[in-house]
Amino acid sequence: MAHTPAPPAVRAAAQDSDPDHDALMERLAHAAAGYYRDLTAAAALHGLTMTQAKMLILLRQPLPMRALAGRLACDASNITGLVDRLEARGLVSRHADAADRRIKNVVATEEGREAVRLIRADMRGTSEAFARLDEEERRGLYELLGRLHPEDTQETT
């Protein structure tokens, strides 16, 4: 007996009631794409690339350059150029680590923190999406997102 796939409307209803792994992956990818599209557009308004904006957002606390490379999923050699460009604009500074002077920590300056605030304010699509959620939904989303990759959220929450 041949299996006939369910019509799209039936598949969508089934995914909404009990989404499988693939449906969750697609929904997460769609949400992430929307967020990064919004971030890219907002960063561009301030003369930054998406990667530069992501780096500034990660710098809620000083981070070693190697840790930044890991968080941005890029080669450590790329971080030097990114930091150079942000430093030239006064958005970050480098400081030797107190415990190991060979390690350079990158620190967001006051101007860098202000750039993050402005970029987030310009992310209207994402802000509008959050505004459609009530307080309980926002809290639930926050908690669920933190559980997806807890190793990435411990230091930045």
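Biologist: How many salt bridges does a search of the whole structure find?

Modeller: Bear in mind this is a predicted model, where local features need pLDDT of at least 70, side-chain atom pairs count only at pLDDT 80 or more, and totals for chains, interfaces and linings use all residues. Residues are numbered from 1 along each chain as its sequence is written, and side-chain values use heavy atoms, with hydrogens and water left out. A salt bridge is a side-chain nitrogen of Lys or Arg within 4 Å of a carboxyl oxygen of Asp or Glu. With that cut-off, the count is 7.

Biologist: Which residues are linked in a network of salt bridges?

Modeller: D84 and R94 form a salt bridge, with their closest N and O atoms 2.4 Å apart. That pair ties helix α5 to strand β2, 10 residues apart; helices (H or I, at least four residues) and strands (E, at least two) are DSSP runs, numbered from the N terminus. E87 also bridges to R94, at 2.7 Å between the closest N and O atoms. The network is D84, E87 and R94.

Biologist: What is the relative accessibility of R94?

Modeller: Buried means under 20% relative accessible area, exposed over 50%, and partly exposed in between (1.4 Å probe, protein chains only). R94 counts as partly exposed, because its relative accessibility is 24%.

Biologist: D38 has no salt bridge, then; how far away is the nearest side chain of opposite charge?

Modeller: D38 sits in helix α2 (residues 21-45) and is buried. Its contacts (heavy atoms within 4.5 Å) include R124, leaving out residues up to four places away in sequence. Lys and Arg count as positive and Asp and Glu as negative, while His and the chain ends are not counted. On that basis the nearest opposite charge is the side chain of R124, at 7.5 Å.

Biologist: What is the phi of A73?

Modeller: Most residues other than glycine have a negative phi. A73 lies in the loop between α4 (65-72) and α5 (76-88), and it is exposed, with a relative accessible area of 73%. Its phi is positive, near 55°.

Biologist: In β3, which residue is the bridge partner of L63?

Modeller: The open sheet has 3 strands in the order β1-β3-β2, paired antiparallel. The edge strands, each pairing on one side only, are β1 (63-64) and β2 (92-96). Two strands pair if DSSP finds at least two bridges between them, and β1 has 2 bridges with β3 (residues 104-108). In β3, L63 is bridged to V106.
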